Amino acid sequence: MALPKGFLWGGAVAAHQLEGAWNVGGKGPSVADVMTVGAPGVERGITDGIIEGENYPNHEAIDFYHRYKEDIALLAGMGFKCFRTSIAWTRIFPNGDELEPNEEGLKFYDDLFDEMHKYGMEPVVTLSHFEIPLHLANEYGGWRNRKMIEFFVRFAKVCFERYKDKVKYWMTFNEINNQRNTESPFLTFTNSGLLYKEGEDRYQVMYQAAHYEFVASAIAVIEGHKINPDFQIGCMIAFCPTYPASAAPQDQIAALKEMDRTYVFADVQCRGHYPSYILKEWERFGTDIRMEPEDLKIIQEGTVDYIAFSYYMTFTTEYDESNVRHLGREKKNPFVKANDWGWQIDPIGLRYALNLLQERYELPLMIVENGIGLHEHEEADGMIHDDARIEYFANHITEMKKAVELDGVTLIGYCPWGPIDLVSAGTGEMEKRYGFIYVDKNNKGEGTLARKPKKSYYWYKRVIETNGENLSKEIDVPV
Ligand code: BG6
């Protein structure tokens, strides 16, 4: 028993978190360019435009835009078979509502994809990864506005046409379900470029935006297949399974209802219709989603080819009668540990997640994010001894293999998040490090930007070389 031949081992990033060059090559500002630095447990600020003197970590990020050749060579050194990144919408359409794309932006991704192919690395590309043009957020209210469908579809078609012979695997919207938590304005801003207005029904606004995104995603799938029938176009879900806190029957229902809040986003995109539980919920809460007559047909015809998902953690919930919407309240799970940011580390949860998705949808799956943020520094011998990362990946890959080899899950690939240190999406920190490659830069933006392989670099290289067979945590590093 082994992982299939041709399994896509790689890593994943997003344009705004590593490219930098935020206003270079005709690029316009995106929502990520008005977000400041937060801290563990502290969300990032969103400023009204770009304010002199504020620290905007995405403006420079790790300057991948100018250093991508060096970085792709380093990733190739680990034997990457694929590399997931996003196309910054604002490099192609700086404001988002132009009719003609920006050639310099298109050329950048041509060169980047060519560089990957030089090393036999398959590009895996997200179209919208938390980097909506700021102009669309400011002038149109982001995805609360139906006109976004037209802008997104134009962007998607330009990318599909231009890279039809270079990119096979696409995703429409990154972690589209993050916005389900309407308490955080930050999540809706990054997902949909919209900020809630005082007193409005956030739940309704969120589902309205999601509806437009579902239609846009389905049109992209339909149009993409016309451009190249071999395209594999997926949805992308943040998948954090929720366990019931106990064997009490009401805790099962609370966990089930919590899961529905995630499933609904995958159900629509994979099954092509709104599930009955959400229609009932909308009825109960008087939620009125505006739909054009053709929308449901488009959603039905534009179902995705595969499911891409991120897996970082699991949650636990217990029944809470006072929570009229979801019946549960989050509870600490005593069986799992967490990192410095409180993200629970649960390798078995990955096997569980893979099984849940396989059984529910019977579609090919791709893990397009998984990883651990750690505080790290160079030690006396000049090496970054990130044994905690090796431990994390060894345990997660072990469970991933069980899902494939024992449970029969169809898995296309595995892309750990941030194979090179980059800006955290949630906190804007550089010092929440995910990489196999260290980047010399701190939270204040200071550092030389020099790159350096960590101990885990050599470890993951061997994992890829052996197609996941050698997961021993011992590894020699060059001196
Ligand atoms: C996912 C996102 O939410 O998790 C990434 O798709 C993000 O963009 C990753 O970077 C890790 O989260 P964070 O907040 O630690 O960067």
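Predicted model: local features only at pLDDT ≥ 70, side-chain atom pairs only at ≥ 80, totals over all residues.

Biologist: Okay. Is Asp-267 buried or exposed?
Modeller: Buried. Its relative accessibility is 0%, so Asp-267 falls under the 20% cut-off.

Biologist: Which residue forms a salt bridge with Asp-267?
Modeller: Arg-360 does, with the closest N and O atoms 2.9 Å apart. The pair links distant parts of the chain: Arg-360 sits in helix α12, Asp-267 in helix α9, 93 residues apart. Arg-360 is partly exposed, at 26%.

Biologist: How many salt bridges does the structure hold?
Modeller: It holds 39. One of them joins Lys-147 and Glu-150, with N and O 3.5 Å apart at the closest. These two are three residues apart in helix α6, so about one helical turn separates them. Lys-147 is partly exposed at 37%, and Glu-150 is partly exposed at 39%.

Biologist: Which residues are linked in a network?
Modeller: Glu-376, Asp-386, Arg-389, Asp-421, Arg-433 and Lys-454 are, through salt bridges.

Biologist: New topic. What do the strands β1-β2-β3-β4-β5-β7-β12-β13 form?
Modeller: A closed barrel of eight strands, with parallel pairing. Neighbouring strands are turned by 30° against each other on average, ignoring direction.

Biologist: And where does helix α6 pack?
Modeller: On that sheet, touching β3, β4 and β5. The direction of α6 makes about 165° with that of β3.

Biologist: How many bridges pair β2 and β3?
Modeller: Five, in the parallel sense.

How values were computed. Residues numbered from 1 in each chain as written. Heavy atoms only, no water. Pairing = 2+ DSSP bridges. Helix = DSSP H or I, 4+ residues; strand = E, 2+ residues; numbered from the N terminus. Axes fitted to C-alpha atoms, helices over the stretch in contact; angles between N-to-C directions. Contact = heavy atoms within 4.5 Å. Salt bridge = Lys/Arg side-chain N within 4 Å of Asp/Glu carboxyl O. Buried < 20%, exposed > 50% of the residue type's maximum accessible area, 1.4 Å probe, protein only.
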